[in-house]
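Please load the model in your viewer and keep the selection tool at hand.

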Amino acid sequence: MPENWLYIAAAYGVVWSAIIGYRLFLGARRREARELVRKEVEL
Amino acid sequence: MNASIERDYPLTPRWLTLFGWGALAFLLLSQVLGVLTSPPDRDMGDLQKIMYVHVPSAFMSLIGYAVIFVFGILYLVKRDLRYDLLAASAAQVGAVFAAATLVTGSIWARPTWNVWWTWDARLTSMAVLFLMYVGYLVLRAFTEDEIRRARWSAAIAGLGFINSGIVYMSVKWWRTIHQMQSTPGTIDPAYVRGFRMNIIAFLFVFAYFVISRYRVARVVRDVEARIEERALAPNAENVHA
Amino acid sequence: MSLSSEFARARAIAWKDLTAERRTKANFNAVLFFTALILLLFGFALGPDQQALREAAAGVLWLTVLFGGVLSFNRSYEMELEGGALEALLLYPGDRRALFVGKLIANLAFLVLIEVILVPVAAILYDLPLLSGGGFFGVLLLGTIGFVTLGTFYAAMASRVRAREVLLPLLLFPMLVPLLLSAVEATKSLLVGNLMGDASSWVRLLVVFDVIFLVATFFAFEYVIEE
């Protein structure tokens with residue numbers, strides 16, 4: 001059943017996007033935290 | 001005079017970066033091995049391969065709630081806000097995996113049972129677990145006082161943890177009475193190795209995310225505490241400068 | 001403090017809440033009409049086939065109770081917050097859990113009174129054989145106890161933050177899934193009469209749920225209320 005591969009690809013796509021997405025979110029939070037630290041030092 | 005918080009407590013110490021890359025490499029290896037080495041299942045055919053993302057995600061969401069529960073209890077015993085931040089980090093990551101579990105479960109249900117949703121005990125309990133994660137995170141977002149937030153979160157996590165078992169049992173019971181389609185129960189031993197590897201790989205990724213999130217939360221909290229401290233004692237700042 | 005004096009404190013708080021409620025009646029009447037309205041709306045959504053309505057009645061009745069209850073729990077703490085009375089109550093000596101027990105009793109009385117009027121209305125609208133046995137009233141009481149226990153507990157938090165109207169159901173309803181399942185199934189088998197044997201096992205689950213969460217919330221309340 002070739003259309004099964006569509007479902008398999010979708011499932012892997014969802015989980016990998018979740019993992020990559022969370023990593024990007026984490027990166028954004030890190031940048032914010034660094035910015036906060038930098039501002040605090042300047043004060 | 002450089003960022004002393006970042007120096008004392010770096011967001012990304014070298015070991016964490018290495019651990020992150022290692023977890024990613026191991027995850028890639030486990031996924032590829034799982035997909036390539038698994039023979040097509042007798043009933044499900046190639047669809048069985050979805051299990052290498054679906055089941056580990058489900059495991060992570062269960063472990064995630066157990067982690068919240070344990071750190072919640074630790075907070076209540078030790079009254080150290082670091083445990084609360086750890087619990088909150090685990091909640092965020094666990095919620096992401098719970099959502100991924102729901103979506104992949106739905107994707108799996110469609111070709112297997114020809115429906116997008118099945119009121120199966122596991123999938124339904126996972127939906128409830130996801131909502132309990134959401135409730136936990138929303139309550140945190142709306143509670144400003146950090147001590148109060150920590151206490152309340154711990155209380156909610158405790159009740160939620162007790163409830164998750166009761167939910168699963170009751171839904172299973174409900175389903176047996178209504179006799180709808182059954183879930184694939186046993187796992188062929190040929191798949192076990194791929195499963196174990198993937199679950200360990202997901203655990204590494206989970207740990208990397210929770211530790212990283214926790215370090216960000218802790219740095220932000222430390223900076224905010226310092227700003228507050230300075231606002232309360234404006235004279236001390238001049239001496240410091 | 002002795003156990004009997006703690007009971008007296010809980011009773012005093014319950015009495016105070018119920019008296020305040022009786023004086024105004026505004027909240028009681030509003031919740032009552034709201035639940036009656038929901039019953040009617042479900043009838044429009046699911047009816048007019050008499051048989052289909054009877055099949056759905058157990059679920060509709062319990063959802064109506066849940067929607068009505070969730071509106072009234074926050075109220076029991078808001079009364080205290082308005083005049084800073086909660087802080088004053090917390091200053092009194094003795095176990096703070098008496099406050100929880102008192103609120104629980106008041107909320108239970110409130111909801112049972114709503115049900116006393118609501119259930120006959122549901123029986124008329126959905127053609128239910130209410131008088132076929134006392135078992136149904138037992139199920140109603142057991143389900144309400146579990147619901148009010150968790151509702152009173154979560155409202156202690158939800159009533160003190162922004163967006164309390166949406167936060168309480170968001171926290172409370174996922175916790176109530178086992179209660180809803182067992183209450184609906186037990187009610188269904190008692191009222192519509194299918195699978196009579198099932199009711200007793202669902203009732204047992206209700207009892208277990210009630211006991212577990214009465215104990216758990218009683219001990220966890222300490223952490224919710226301490227300031």
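Start by selecting chains B and C: between them, five residue pairs are in polar contact, both partners being at pLDDT 80 or more. Polar contact here is a pair of N or O atoms within 3.5 Å; within protein, one must be able to donate a hydrogen and the other to accept it, and residues adjacent in sequence count only if both atoms are side-chain atoms.

A word on ground rules: this is a predicted model, where local features need pLDDT of at least 70, side-chain atom pairs count only at pLDDT 80 or more, and totals for chains, interfaces and linings use all residues. Residues are numbered from 1 along each chain as its sequence is written, chains are lettered from A and ligands numbered from 1 in the order in which they are written, and side-chain values use heavy atoms, with hydrogens and water left out.

Next, select B:Glu144 and C:Arg162. They form a salt bridge, with the closest N and O atoms 3.0 Å apart; the rule (a side-chain nitrogen of Lys or Arg within 4 Å of a carboxyl oxygen of Asp or Glu) finds one across this interface.

Now widen the selection to every contact (heavy atoms within 4.5 Å): 33 residues of chain C meet 31 residues of chain B.

Last stop: A:Arg30. Is this residue buried or exposed? A:Arg30 is buried, with a relative accessible area of 5%; buried means under 20% (1.4 Å probe, protein chains only). Show its contacts beyond four places in sequence, among them A:Arg23, B:Leu11 and B:Tyr208.

Conventions
Buried means under 20% relative accessible area, exposed over 50%, partly exposed in between (1.4 Å probe, protein chains only).
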